[in-house]
Amino acid sequence: MNWLWALVVGLVLGVLARAILPGKQHIPLWLTVIFGMLGGLLGNAVSGWAGVADTSGIDWIRHVLQLAGAVLIVALGAPLWASIRGKRGTREQGRRAA
C-alpha cells in the first residue's frame with residue numbers, strides 16, 4: 001500500500017509543482033509523478049537533516065519542503081526532458097519551420 005500512497009503523493013506534488021512554475025512544462029504525466037515522488041523524497045531528506053521530520057500534529061514544514069523539492073526537480077527536469085526529446089521553445093520551432 002505504501003507504493004500506492006507514494007504514487008498519489010507524487011502525482012499531487014508534481015501537479016502542484018507544475019502549477020507553481022511559470023510557463024508550460026512539456027513533460028508527460030508519468031514523468032510528473034516521478035518528479036513529484038523524487039521531490040517528496042528530497043523534501044523528506046532535507047526535513048530529516050533539519051530535524052523537523054517528526055513533529056506532533058501535522059508536519060507542515062516537511063510538507064512545504066517536499067513541495068519545494070518537487071518544484072526544484074520539475075524546474076530542472078522539464079528542460080532536460082525537452083532537450084532529450086528534441087523539443088525546444090515554440091519560438092525555436094517556428095524558426096526551424098521557416
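Modeller: Contact here means heavy atoms within 4.5 Å, and the structure to which we apply this is a predicted model. Among the contacts in the protein chain with a separation of 6 or more, 59% join residues 24 or more positions apart.

Colleague: What makes up the pattern of the protein chain along the sequence?

Modeller: Read along the sequence, the pattern is α-α-α-α, with four helices and zero strands.

Colleague: Why is L16 called partly exposed?

Modeller: The relative accessibility of L16 is 41%, and since buried means under 20% and exposed over 50%, this value falls in between, so L16 counts as partly exposed. L16 is found in helix α1 and belongs to a nonpolar surface patch of about 790 Å², together with W3, L4, W5, L7, V8, V12 and M37. Seven residues of this patch, its largest share, come from α1.

Colleague: What makes the largest nonpolar core, and which elements give two or more residues to this core?

Modeller: The core has eleven residues, namely L13, A17, L21, I27, L31, F35, A70, V71, V74, A78 and W81, and they count as a core because they are buried and joined through side-chain atoms within 4.5 Å. The elements that give two or more residues are α1 (2–20), α2 (29–50) and α3 (60–85), and α3 gives the most, with five.

Colleague: Which residues is V71 in contact with, leaving aside its neighbours within four places in sequence?

Modeller: V71 is in contact with A17, I20 and L21; of these, A17 and L21 are listed in the core alongside V71.

Key:
Residues are numbered from 1 along each chain as its sequence is written. This is a predicted model: local features need pLDDT of at least 70, side-chain atom pairs count only at pLDDT 80 or more; totals for chains, interfaces and linings use all residues. Side-chain values use heavy atoms; hydrogens and water are left out. Buried means under 20% relative accessible area, exposed over 50%, partly exposed in between (1.4 Å probe, protein chains only). Patches are made of residues with over 30% relative accessible area and no salt bridge: like charges are joined within 9 Å, nonpolar side chains (Val, Leu, Ile, Met, Phe, Trp, Tyr) within 5 Å. Accessible areas come from the Shrake-Rupley method with a 1.4 Å probe; for residues, only the protein chains shown count as cover. A salt bridge is a side-chain nitrogen of Lys or Arg within 4 Å of a carboxyl oxygen of Asp or Glu.
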